[in-house]
Structures are given as structure tokens and as C-alpha cells.
Amino acid sequence: MSDKATLEINGDKFEFPVKIGSENEVAIDIKALRGATNGVITIDPGYKNTGSCESAITFLDGEKGILRYRGYSIEELAEKADFLEVAYLLIFGELPNKEELDKFHSDIKSHAVVDDDIKKILDAFPKSAHPMGVLSSLTSALTAFNPSSVDVNSDEAMYNAIVRILGKFPVLVAWTMRKKHGLPLDYGDNSLGYVENVLKMMFKSPTQEYEQNPILVNALDKLLILHADHEQNCSTSTVRITGSSHAGLFVSLAAGISALWGPLHGGANQAVLEMLEAIKEDGGDTKKYMAKAKDKNDPFRLMGFGHRVYKNFDPRAKIIKVAADEVLGDLGVEDPILDIAKGLEKEALEDQYFVDRKLYPNVDFYSGIIYRAMGIPVEMFTVMFALGRLPGWIAQWREMRMRKEPIGRPRQLYIGETYRAFKPIEKR
Ligand code: CMC
């Protein structure tokens, strides 16, 4: 591979360095393009060919279906690690030893309380509010109660901001759901593991003790690991670009939560379940919905299918499909929705339209089925995704700040009107 790429414009040749990543990915470094060419830029809507940064956190190969956090495969991490270990790995780069993990957890627990005034903000939301909007607002509001978390110019300040949000975020997640269901807003239990604590905060009834179900704890732990990072996707890029203005960690995360909400991104897990429900209500005719998905005049898309990067299979979907079978089996749940999902998957994998476009089930095709079996309401599915993605967002934000990346500010190709003289209102 040559270490230079040549670009010819109007007979003039310009050379740009070629960079090779640790997995032999190739990138043309065009940092000098505009200056050298007197104003020429590249254009790439949706950033399908644009690397926005150099990153050492997550590697994925969409053709081979590989996903690794800091070099460790997602399959091994999902099987052998727990969510907090994975969070530490993503953020700090190495798997923690026992001492490091204990300290990390204990520091998180020491911040597992939010200012009680946050309840007043939550109270002002209508019960009908979507939990993602509420979560984004509350996460942003946390800055007002923790102003020191904005200034992260020392390692200690950065660490404190990180353990603070890891402690407080599960409280916001639980309160968002409890408010919607009219349940009292409690705090967690510091004697529990991170994921056990989340479940207890979400589901504890005011009148009885909460009993942990290890099947649910394991299933949620695994789902959170699978969602923990996915390199420069829409929400992560949003977190990095928001933070690149040196806005604080919490507001950058709030921006990421808003980006995740959309049905083409994290909101797909809710959309998948709603789609499967609609197919069931409509008599379970999967062929009809396959036809709709392929019809260019119909806006319907098969939710949970397709991925910007995975063009072979989504390794997370493989793990989740097995987990869905296990969890439903262990809990003794028979869900007709699972049969519809499997039928739809089989048809799509054999259909020329889907084969030609390399459309495979993604992580969200089966996650909603597990969440439903766990008793998590549909509108909370994307919130659970956010809880899982939190360490990834934090790791990416930290990396962006530590590498001293410049403020994110893309260019554009202007296609509007050229200069025209102002027209007074009576002449328009
Ligand atoms: N159903 C039917 N057709 C589809 C679908 C689908 N789910 N996804 C893509 N296509 C078609 C699309 O119409 C286009 O066809 P043509 O070439 O004939 O115009 C072709 O496939 C390429 O699609 P695209 O929209 O250009 O691809 P993209 O890389 O921009 O979009 C995507 C990726 C995930 C937004 C898209 O596949 C999609 O909308 N999927 C459904 C939503 C979904 O499940 N999102 C969750 C993604 S995984 C969770 C996460 O990481 O956020």
C-alpha cells in the first residue's frame, strides 16, 4: 500500500498521506486539502466514507461481522465479563484487576444519589412524556447540580465526572420509568451489584421486598455489554462533537440520548416490538409486511433489519438471538411474537431484495423480546439501550478530550441563491 494518495484537479496534482490503522484499515488524511487546493472540500452526506477521528476504543469489521472492545471480542466479553468490568475496559483501556474494579464500583456507589430537587423537574413532565425526552432533560439538568463536572482539566476531575454520572444515571433511568407508572421515587441499594441495583430501583414495589432473579440479572448484564459501544455511530458522534466545544460531559451525553432516540438508531428496539405486535394483530401475515418493506412507494421499513456498517451479519444479533431463546425458556414465557420474529427473519434472509442489499437482523431485532419478557415496558427499551451505551459514550468523550481534538465543525457545499438585492415587503 502506497503511503500517499494523489488527487488531480484541473491538471494540478496534490498528494495526501495515507494512514493505516492497527487492523490495516486505510484512510487518506485530507487535513491539508482545503489549504492546498485553495478551498476545495469533500462532500459525504451521512459520512458514509468519512472517518471523523482516530480512536483506540472499538474495532468493528462490518464485512466479517467482527466487534471488539479494546481488542477483546464481543462474544468473549458477553460470556465472561460483567457490565461494570466492560465499562472500565472501555473507558480506561484495560480490564480492571479485582482491586481496581472494587474501587471503581465503590466510587460509583458513593455518587449514587441525585439532588432531591431533580424530583421537582421530573414532576413537571406529563406522564405521557416519552422516557427518552425525560432522560435527556434530566441528564442535562444534572450539570446544574454538579457544576464542577464541566471542568475536566485534571485526571482527577475527569475521573470524578465519570464516576458521578455512572452512579447517578441509573437513578434517572429508574425514576423515568417509575414516574410514568406512578410509583414512588426511591434510591438504590449500595450492597448490590450495578445491574442488580438497576433492576431493584426500577421494579421494587412499595409494599414488598424485591427479590432478585439471577436469570434477569444475567440477561440484562449481557444486553448492556452488547450495547456498550459501537464506535462512531450517530449518538456517539453527537456526544463527541458536542463535547468538542468543551461543553460538559453530562450535556454531551444528553445530546447523545436525543440522537439515540430516533427509530433509525436506538429507537429501533421499540419500533421492532411495535411492528411485531402490529403484524400479530393483523393476523401474523409476515409476507404482507415483507412486501410492504420492499415497496418503494411505501415508507414502511422492516425495523431491526439493516445496518450502516454490518453488511454480513451483526455479531450482537447472533448472541441476542440465543439469549432470547434462553431467557424465554428459563422464565417459562411462550411469546408468539418470538415466532413471528423468527419467521420474518427466515423469510428476509431468503429474499432477493434483502440479500442484494445485505440486510440482516441487527442488535435490536431480538433485544425487545428479551426486555418484554423481563417486564420492561416498550417505551423504556431505548432507555435501556442508553444505559448500556453510557460507558461507550463516556469513553469516546474522554478520548476526544484527551487527544485534544479540535472543535467539530464540518463544511458544506452551498447550493442556495447567489446574491440578490433585498425586496421591500410591498414588492414581494
Ligand atoms: N427495510 C427495508 N429496506 C431497507 C431497510 C429495511 N430495514 N434498511 C435498508 N433498506 C434498503 C433501503 O431502502 C435502500 O434500498 P435502495 O438501495 O433500493 O434504495 C438500501 O436498503 C440501503 O439502505 P440505506 O438507508 O441507504 O442504508 P443506511 O446505511 O443509510 O441505513 C439503517 C442503515 C440502519 C438506518 C437502515 O437499514 C434502517 O433504516 N433500518 C431499520 C431501522 C433499524 O433497525 N435501525 C437500527 C440499527 S442497529 C441499532 C443501532 O446501532 O442504532
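**Pockets and cavities**

Tutor: By class, the second largest pocket has a lining of 13 nonpolar, 3 polar and 7 charged residues. Ala, Val, Leu, Ile, Met, Phe, Trp, Tyr, Cys and Pro count as nonpolar, Asp, Glu, Lys and Arg as charged, and the others, Gly among them, as polar. This is a predicted model: local features need pLDDT of at least 70, side-chain atom pairs count only at pLDDT 80 or more, and totals for chains, interfaces and linings use all residues. Residues are numbered from 1 along each chain as its sequence is written, and side-chain values use heavy atoms, with hydrogens and water left out.

Student: What counts as a pocket, and what as a cavity?

Tutor: Both are found on a 1 Å grid over the protein atoms alone. A cavity is a set of points where a 1.4 Å probe fits but cannot get out. A pocket is an open set with protein on both sides within 12 Å along at least five of seven lines. Lining residues have an atom within 4 Å of a point.

Student: How much space lies in the second largest pocket?

Tutor: About 400 Å³. A volume is the space filled by probe spheres set on the points, and grid points are joined across faces, edges and corners.

Student: Which residues lie nearest its centre?

Tutor: Val217, Asn218, Ala219, Asp221 and Lys222, out of 23 lining residues.

Student: Which element gives the largest share of that lining?

Tutor: Helix α9, with 7 residues. Helices are DSSP runs (H or I, at least four residues), and strands are too (E, at least two), numbered from the N terminus. Other elements giving two or more residues include α2 (74-80), α3 (83-92) and α14 (315-331).

Student: New topic. How many cavities of 30 Å³ or more are there?

Tutor: The structure holds 3. Of its 14 lining residues, Ile108, Lys109, Ala112, Tyr194 and Asn197 are the closest to its centre.

Student: Which elements give two or more residues to that lining?

Tutor: They are α4 (98-109), α7 (155-180) and α8 (194-203). The largest share, 4 residues, comes from α8. The lining divides into 7 nonpolar, 5 polar and 2 charged residues.

Student: And what is the volume of the second largest cavity?

Tutor: About 60 Å³. Its lining includes Leu122, Phe125, His130 and Lys180. Two or more residues come from each of α6 (131-145) and α7, with the largest share, 3 residues, from α7.

Student: How does that lining divide by class?

Tutor: Into 6 nonpolar, 2 polar and 3 charged residues.
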